[in-house]
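Colleague: I'm new to this one. Can you walk me through it?
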Amino acid sequence: MAAIDCGTNSIRLLVADLPDASAGPQAPLVDLSRQMEIVRLGQGVDKTGRLAPEAIERTRVALASYATEIEKLGAERVRMCATSASRDASNAAEFREMVERTLGVAPEVVTGDEEARLSFTGAVRGLPADAREPYLVVDIGGGSTEFVVGTREGGVEAAISMDIGCVRMTERHLHGDPPGLDEVDAAQADIAVAVDRALAAVPGRQAATLVGLAGSVTTVVAIAQGLQEFDPARIHHARVPYDAVAAVTADLLGKTREQRLAIPVMHPGRADVIGAGSLVLRVIMERAGMDSVVASEHDILDGIAWSLLPGTN
């Protein structure tokens, strides 16, 4: 199975086999290839309402490489989901045509609810026993953040998508290098309003465990752990307390882009938006009353792959 997640900031590929039946119901997929490229598809879309030609071209180049990998590994089923930037763009048809030419399948511009369901499916499979239910899963993307509450057995109880992604908040508020206190305050206020609306729609404050997904969360967790290189095995299912998240957030927002680039675990394509991403996570923890977050390297990408099981999608 081959799954592609095309978001506002990054495009990612997972080619995987099903786990052996003897591995048990919570066994993860068997990864054959997992790749990520920062293409910033949502560049400027919050302001213009359109996908920039250069952003579409960056995405095409990455997608062509993925198509080669998919063919090499012999994936039998392929699904590509496109998220927030593609939902918002007036020229989404141009993007769709490019994908079909390059990949051979049409992208599915999933709804916020479907995005949330896929994220939840990918995230909760294989969570450790000390991660008590119900879960509040938050997927902090470039253009939007999904809030999902549910359990392993019961699945998704409630979900909502809010337009407070790390790219969107950076472009809207954080213009200084580093951003000024007034810019940070404005971003924090904007995020808090959206988070409170989300938590009024889904019972996140009643959840026992906060599970955080996507690059903003995993980068904050890696920094909090003091890692000298990005190590998915150490980040996956690591639990980080609120105080550590708050300290990392303050540090990131106080640094210039050049200083953030010098952090060992920082992906170059994330350095200009990680301050906003960490702020989204910190505000969620505050407004939901969560004293820690469990990071997951498995997210919507894994959910897309699981959806390719016969009879599932």
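Colleague: How far is the sulfur of cysteine 166 from the closest cysteine sulfur, and which cysteine holds that one?
Modeller: This is a predicted model, to start with. The sulfur of cysteine 166 is 14 Å from the closest cysteine sulfur, which belongs to cysteine 6. That is too far for a bond.

Colleague: And what is the closest cysteine sulfur to cysteine 6?
Modeller: That of cysteine 81, at 10 Å. Again, the gap is too far for a bond, because a disulfide needs the sulfur atoms within 2.5 Å.

Colleague: How many disulfides does the count come to?
Modeller: The count is 0 disulfides.

Colleague: Is cysteine 6 buried or exposed? What about cysteine 166?
Modeller: Cysteine 6 is buried, at 1% relative accessibility. Cysteine 166 is buried as well, at 2%.

Colleague: Switching to charges. How many salt bridges turn up in the whole structure?
Modeller: The search finds 17 salt bridges. One of them joins arginine 12 and aspartate 299, with the closest N and O atoms 3.0 Å apart.

Colleague: Where do arginine 12 and aspartate 299 lie?
Modeller: Arginine 12 is in strand β2, residues 10–17. Aspartate 299 is in the loop between β11 and α13. So the pair ties together parts that are 287 residues apart in sequence. Both arginine 12 and aspartate 299 are buried.

Colleague: What links helix α7 to helix α6?
Modeller: Aspartate 190 and arginine 172 meet in a salt bridge, 3.1 Å from N to O. Aspartate 190 lies in helix α7 and arginine 172 in helix α6, so the pair ties together parts 18 residues apart in sequence. Aspartate 190 is partly exposed, at 22%. Arginine 172 is partly exposed too, at 33%.

Colleague: Which residue does arginine 96 form a salt bridge with?
Modeller: Glutamate 100, with the closest N and O atoms 3.8 Å apart.

Colleague: Which residues are linked in a network of salt bridges?
Modeller: Arg79, Glu108, Glu114 and Arg117.

Colleague: Now glutamate 297. Where does it lie?
Modeller: Glutamate 297 is in the loop between β11 (292–296) and α13 (300–306). Glutamate 297 is buried yet has no salt bridge.

Colleague: Why no salt bridge for glutamate 297?
Modeller: The nearest side chain of opposite charge is arginine 34, 6.2 Å away. Leaving aside neighbours within four places in sequence, the contacts of glutamate 297 include Arg34, Phe230 and His236.

Colleague: What lies over the face of tryptophan 306?
Modeller: Arginine 125, at 3.9 Å from the ring centre. As for aromatic pairs, the count is 0.

Colleague: On to the backbone. Which peptide bonds are cis?
Modeller: The bond from glutamate 133 to proline 134 is cis, with omega near -5°. Proline 134 sits in the loop between α5 and β6. Another cis bond joins aspartate 177 and proline 178, with omega about 5°. Proline 178 is in the loop between α6 and α7.

Colleague: And what is phi at arginine 40?
Modeller: Near 50°, a positive value in a residue other than glycine. Most residues other than glycine have a negative phi. Arginine 40 is in the loop between β3 and α1, and is buried, at 14%.

Colleague: What about alanine 214?
Modeller: Alanine 214 has a positive phi of about 85°. Its place is the loop between β9 and α8.

Terms used. Residues are numbered from 1 along each chain as its sequence is written. This is a predicted model: local features need pLDDT of at least 70, side-chain atom pairs count only at pLDDT 80 or more; totals for chains, interfaces and linings use all residues. Side-chain values use heavy atoms; hydrogens and water are left out. Rings of Phe, Tyr and Trp (its six-membered ring) pair if their centres lie within 6.5 Å; planes under 30 degrees apart count as stacked, over 60 as edge-to-face and the rest as tilted. A charge sits over a ring if NZ of Lys or CZ of Arg is within 6 Å of the ring centre and within 35 degrees of the ring normal. Helices (H or I, at least four residues) and strands (E, at least two) are DSSP runs, numbered from the N terminus. Buried means under 20% relative accessible area, exposed over 50%, partly exposed in between (1.4 Å probe, protein chains only). Lys and Arg count as positive and Asp and Glu as negative; His and the chain ends are not counted. A salt bridge is a side-chain nitrogen of Lys or Arg within 4 Å of a carboxyl oxygen of Asp or Glu. Contact means heavy atoms within 4.5 Å.
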